[in-house]
Number of protein chains: 4
Amino acid sequence: MPIPPSTPSMSPSRIGLWFIGARGGVAATATVGLVALQKKLAGTTGLVTDLPPFSRLNLADWADFVIGGHEIRAGTLLDAVDRLRSDSRVLDAALVDECRAELAAIDRNIRPGSLANSGATIAGLAGDSMRGVAAERPTETIGRLQRDLRAFREEAGLNRVIVVNVASTEPAHEYRELPHGWETLRGYLESDQANWLPASSLYAIAALDLGMPYINFTPSLGSNATAIDELAHLRGTCHAGRDGKTGETLLKSVLAPMFAARNLEVMSWVGHNIFGNLDGQVLDDPVNKAAKVKSKDALLGKILGYDPQTLVTIEYIRSLGDWKTAWDHIHFRGFLGTPMTLQFTWQGCDSLLAAPLVLDLVRLVELSARRGERGLLVHLGSFFKQPLGMEEHDFSRQLLRLRAWADEAAG
Amino acid sequence: MPIPPSTPSMSPSRIGLWFIGARGGVAATATVGLVALQKKLAGTTGLVTDLPPFSRLNLADWADFVIGGHEIRAGTLLDAVDRLRSDSRVLDAALVDECRAELAAIDRNIRPGSLANSGATIAGLAGDSMRGVAAERPTETIGRLQRDLRAFREEAGLNRVIVVNVASTEPAHEYRELPHGWETLRGYLESDQANWLPASSLYAIAALDLGMPYINFTPSLGSNATAIDELAHLRGTCHAGRDGKTGETLLKSVLAPMFAARNLEVMSWVGHNIFGNLDGQVLDDPVNKAAKVKSKDALLGKILGYDPQTLVTIEYIRSLGDWKTAWDHIHFRGFLGTPMTLQFTWQGCDSLLAAPLVLDLVRLVELSARRGERGLLVHLGSFFKQPLGMEEHDFSRQLLRLRAWADEAAG
Amino acid sequence: MPIPPSTPSMSPSRIGLWFIGARGGVAATATVGLVALQKKLAGTTGLVTDLPPFSRLNLADWADFVIGGHEIRAGTLLDAVDRLRSDSRVLDAALVDECRAELAAIDRNIRPGSLANSGATIAGLAGDSMRGVAAERPTETIGRLQRDLRAFREEAGLNRVIVVNVASTEPAHEYRELPHGWETLRGYLESDQANWLPASSLYAIAALDLGMPYINFTPSLGSNATAIDELAHLRGTCHAGRDGKTGETLLKSVLAPMFAARNLEVMSWVGHNIFGNLDGQVLDDPVNKAAKVKSKDALLGKILGYDPQTLVTIEYIRSLGDWKTAWDHIHFRGFLGTPMTLQFTWQGCDSLLAAPLVLDLVRLVELSARRGERGLLVHLGSFFKQPLGMEEHDFSRQLLRLRAWADEAAG
Amino acid sequence: MPIPPSTPSMSPSRIGLWFIGARGGVAATATVGLVALQKKLAGTTGLVTDLPPFSRLNLADWADFVIGGHEIRAGTLLDAVDRLRSDSRVLDAALVDECRAELAAIDRNIRPGSLANSGATIAGLAGDSMRGVAAERPTETIGRLQRDLRAFREEAGLNRVIVVNVASTEPAHEYRELPHGWETLRGYLESDQANWLPASSLYAIAALDLGMPYINFTPSLGSNATAIDELAHLRGTCHAGRDGKTGETLLKSVLAPMFAARNLEVMSWVGHNIFGNLDGQVLDDPVNKAAKVKSKDALLGKILGYDPQTLVTIEYIRSLGDWKTAWDHIHFRGFLGTPMTLQFTWQGCDSLLAAPLVLDLVRLVELSARRGERGLLVHLGSFFKQPLGMEEHDFSRQLLRLRAWADEAAG
């Protein structure tokens, strides 16, 4: 139950941070990072909420957070962290060593997740613990997930739990038949008419129905349905999404406005992405990839006001590990029509770019929840490739919206 | 004399556009472009003032403009255009052919300029016509330039003349001794105490003293002096500058804010620029280059709020002609400190990127002049590497300023 | 009939150069180039046979060549040349203008080609003239093509005709059933058991059966069959192929040996190719593309001695026209295992890179034919992505082979 | 004294490897690598001598080598290794930990070097131990260095000592006055007429005079003087050099031959190098940099047969540590003159690329010494930017020379 809006400045003593995909690269990195922040082993570089525009907000302290999560894979959180460190050289060995005890403790808060309609590639990653839950009906899954969330809240003595989806991308579905109202959707779920609903949405329903905010950091469906948004309103809670904007798409959202502002015509924009982490392996399956490509490709036409020829590829190249390398080739022309070219190569470590955004979102959503904000948090659009509830894709304009919210929240 | 602010919507019938460096690459391209616009041979891609935010402004028609200028080099305008076309393949042969008669006519409006303190490299480019004016004192030069400007205005029956400096970059000077008031500066000029003043400033004084707006599209000193700004106010006219932002620096002004907004620490930013046009040849002289490098390098610290290690080189590579190629390597780190990299390669045709901005500026400044605006036009900062009168270097924020002005001017 | 090997030094007075795909980008560029060479309007940069190692060979003069060809598309040769010039800015307008009369004359030597098993995309390009030949059986096609070749030889009074396939890439086929001997294959053709044979092979058979050398500059099957090679031997003529090595693959064939020689382990090699000419449009069809990708990807394992993960994409990006842009990302590691990266971007004009190689091959093959060489000309491997009859893919080693042949041929 | 040529197959039991610059990045990495090879903790990737062409040679085992060296800086070898690991993330922490005892033992074999004519920047790096030797005359320095080398040989019971210069680049000098014969040079040294001789040459003289082979892996003068080569012959020993070819220049030596072989005209070749290790800091001094740039720039004209416009920069960018990033822009044209571009970005870890080459050279030189080869070992040219005694710069042709030697040496 949300803290009433009349006491927004009260600092929460304990907040749960519940990861869907808790042993994936993003969650593992965010977890190491949060532990490192709590132990004063890491600085705040990369954290948006540490910047001046947010200094007057009464944001939760890093020390307030307690981590748990759902996961479909076997292995331990420490395995995941060690693999990131050794395969991709992205985490400092000494730092990881200092966090081992905390990581082991957090691992005990991780419960079996859901594979519902996640596709064969994700199912192929499932650990033994997923066998027991394979035959569930949607309402059974939701019930089980809610028991896990409630147990986490109660056992850890938490004032609030924020649920964040950082699991692998589900296949793109067709959703023509989804009803618009929550009561109808609930009926569908009970009568097995919504058996096609993907895990990401079951998690969203489970969380929001308990009044827990839900953040969708992936391109999966999640809470992106009118009926689920209504549920959030009914339960007095909030949600945000969709698909964290960390690298190539972030660049698109700053470069495309430049071309538009200078009236330079983008004739074609080609983006080739290669990387080798587990997320990449899942995206190597065409049905999963389709959802991601769509998410990366949508913004150009919206920013430019016309549709240049675009091409987005995402390919799994094992040796790259967590290093997402993107080459973009932008072919444009200006006055008198001579073609010109901008190319960029982005070599970013995906998990390290995503993790601080996840922590920022959790902090910002927690404050919104504390303030009593309900439904979609559209001011968070700058964090997402597909900003739910916001038509704006220009990064600088999305930031204006976020800062306007921050000014208002600061009072 | 400016048209009174009470009649801003009256459309000017004839406007002079006076180029300093009238046979250089930028002026030649802008001239071909303007003629092509007047003859409906070219579209408006690349022209900022053709975009929706400016559609409600009563901007001058392209048909209203008449071109003239100062130049220190020999040769004809057609030579310059043909060289651009053949060396750099940047202009369409058929288009140039259709504009030959107009270009020849414009060439007859070009007068000998000034070499005052422009350095040995620029002096080495001077044509025979410059011999006669070599020994002038500053006041003589100003007087001569003003006679040219007045004659142009009168012979062509112009309502207003806008002066635009697109000449080669002068050497960077030390300006410690420049007085703050116009009357004192005028005294210095008359008593030969300001003999070190560069040509760009003599042009600025000549124009502003006649009530003609002055735009400095170069890194040269030009009107960037308190005394000269005072002159503009005294004569009821306006000016803007400094150094058109066309390529690599434009990208810096959109990418650096992205790093700042995401709290990613830029550790180093290296930019190597190579090109082979005449401007490049002048910049190959270290004293001229110093002025340009300073102009390209200043903004990063201002946007980021700290000073990463930076390196900017500009090198003359003959074979590239007008094709400015810039490679930038940005080394940054985010959460937990792992270094990452963004590289870009910009392959732009310098003159074709600059020319439409020059035409935009002329149109916007003409409206400001018609509206009775005086002194520095700070809302034009988005066009410049060193936006005079504006601390803001973030391109998106500079645009907000321009659009606010446009909204106000549209009424 | 071949000139007897006893008179190899006799210079041929007139040589036919017959293009399959005579109005495509490569043939059109080679044709303009040859005419320009004949009229002394072009230099010999880009022509391998103009280099010192070949100066002692009694190669044919450019003046000796007469051009004709087969084509399936409508339009004129001049159309094709003009499109190259205007879409891709790759040919000088003045040069083209000086060659118009000759191009028009050559156009009259172009006859309808064959669409046999060329796939739906190529068939979609066919002009009206192809309607009349649509229902041919393979032997009818061969007969018709041979009548065209003979008529060309006789009407132009040629001593020899060299046939060069520069048509679009055919779909990759399965060729399990092809017999090994020519007599058996001829029987198959007559009994319609080889109806799946693609046009490229029908052209090869038609030419070789007339004793005319055949060069396959494409990845299509062409003469790459034991039975067709036997035919060349039987008729005392020669052939070479397959798929001209002009850009990205050329770079692979010089860079991969470097990694091998330094014992650096290539972990992955990703190559993304984008371009927008007609060839690209054909390759946009997956069945045609498969043949090309295979051709571009085969060499790495052969040079390195192991198979790194590779990825080759070829995508049609309209705005690029004839400008093939390739981005390659090579991920490697050396001593002590730290991963490192080499990236390159190749921006080449495909037709202009291919055309001189075609002219070189014609000249070299003509000399081989004059010297009485029979069957596959394996010393030409450096020109091809898939060097028929040669296991060597290292460019520098392929060149040693070519130079050894040149030394021997120079006597 | 060299083992007589009659017993070349006898395996040496103990070989000394003496590094000049023993605590620099290259030596530190080569030392860690050699220890790792001896302890079977590292594979042989990156080692040229592990490739098949060299398998029949009776090369020394890695176990046979004992390390010592000269150094002018303070600090320990372990400090240097730890800095490489933490600043540049190039060495595995676990690997380093397993080698600590051996590294500490090797550190005890390191003696104060010489700063003779090494320039102010190198002198600025000198540790306290260099104070005692500051005032030496050249002959005193040579005598001291020889005492160190003899003591190392005797105390460690070595059959042979190979001296390798991997110290920082000395300033480029003028060497007009150097006599051609060793006896004359010795006279100069004794009479203080050769006081300008740099440390690299004093090391070379000290080593060769004791019959110890000398390898110059730097652009410094070292043994590149006729008189010093004569000394090697007189003492029956051998030497090789100059400046290890590890990255950008290696690429030039494979790419330039490709342009030459295809008769493509290189119009300009621009190479910008950035890196941040200690070597980079020394090269930030213009006098030191000049020697390096010359070394990187010489080969293009020699390979191409003409001199395109070239530009080579080397800049110290602190954040890059040992990661040498090079951007090369190659502007070329082929048939019919259209300009095209190849760009590459090389991101290599300098020390990790250099270290295995150093180990390879030591092994190959040791075999040459054992075989009784005297004077310059010209077959080693493929390892060097400035291959002493070899005009050939084409990497593939340099390799042919090396392999011919290997074939001969294998018998």
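I began with how strands are named and paired: helices (H or I, at least four residues) and strands (E, at least two) are DSSP runs, numbered from the N terminus, and two strands pair if DSSP finds at least two bridges between them. Before going on I noted that this is a predicted model, in which local features need pLDDT of at least 70, side-chain atom pairs count only at pLDDT 80 or more, and totals for chains, interfaces and linings use all residues. I also noted that residues are numbered from 1 along each chain as its sequence is written, that chains are lettered from A and ligands numbered from 1 in the order in which they are written, and that side-chain values use heavy atoms, with hydrogens and water left out.

**Entry: chain B against chain A**

I looked up the strand pairing across these chains and found that strand β10 (residues 339-349) of chain A pairs with β10(B) in the antiparallel sense, over 7 bridges. Within this pairing, Gln343(A) has Thr345(B) of β10(B) opposite.

I then turned to the contact as a whole (heavy atoms within 4.5 Å), to which chain B and chain A bring 62 residues each. The buried area, meaning the accessible area (1.4 Å probe) that two parts lose on being put together, summed over both, is about 4700 Å² for chain B and chain A, with 68% of it on carbon and sulfur atoms. On the side of chain B, the residues losing the most area to chain A are Arg262(B), Phe335(B) and Leu336(B), which together make up 19% of what that side buries.

**Entry: chain D against chain A**

Here I found a contact that takes 4 residues from chain D and 4 residues from chain A. These chains bury about 350 Å² between them, and 19% of that is on carbon and sulfur atoms. Arg89(D), Gln343(D) and Gln347(D) account for 76% of the area that chain D buries against chain A, more than any other three residues. I counted 1 residue pair in polar contact between chain D and chain A, with both residues at pLDDT 80 or more.

**Entry: Thr341(D)**

Leaving aside residues up to four places away in sequence, Thr341(D) touches residues including Gln347(B), Trp346(C) and His329(D).

**Entry: two covered strands**

In strand β2 (residues 65-71) of chain A, 7 of its 7 residues are buried. Strand β1 (residues 15-20) of chain A pairs with β2(A) in the parallel sense over 6 bridges, and Phe19(A) has Gly69(A) as its bridge partner there.

Strand β1 (residues 15-20) of chain B runs parallel to β4(B), joined by 6 bridges, with Leu17(B) opposite Ile162(B). Strand β5 (residues 214-216) of chain B also runs parallel to β4(B), joined by 3 bridges, and Val164(B) stands opposite Ile215(B).

Notes: Polar contact = N/O pair within 3.5 Å; in protein donor to acceptor, adjacent residues only side chain to side chain. Buried < 20%, exposed > 50% of the residue type's maximum accessible area, 1.4 Å probe, protein only.
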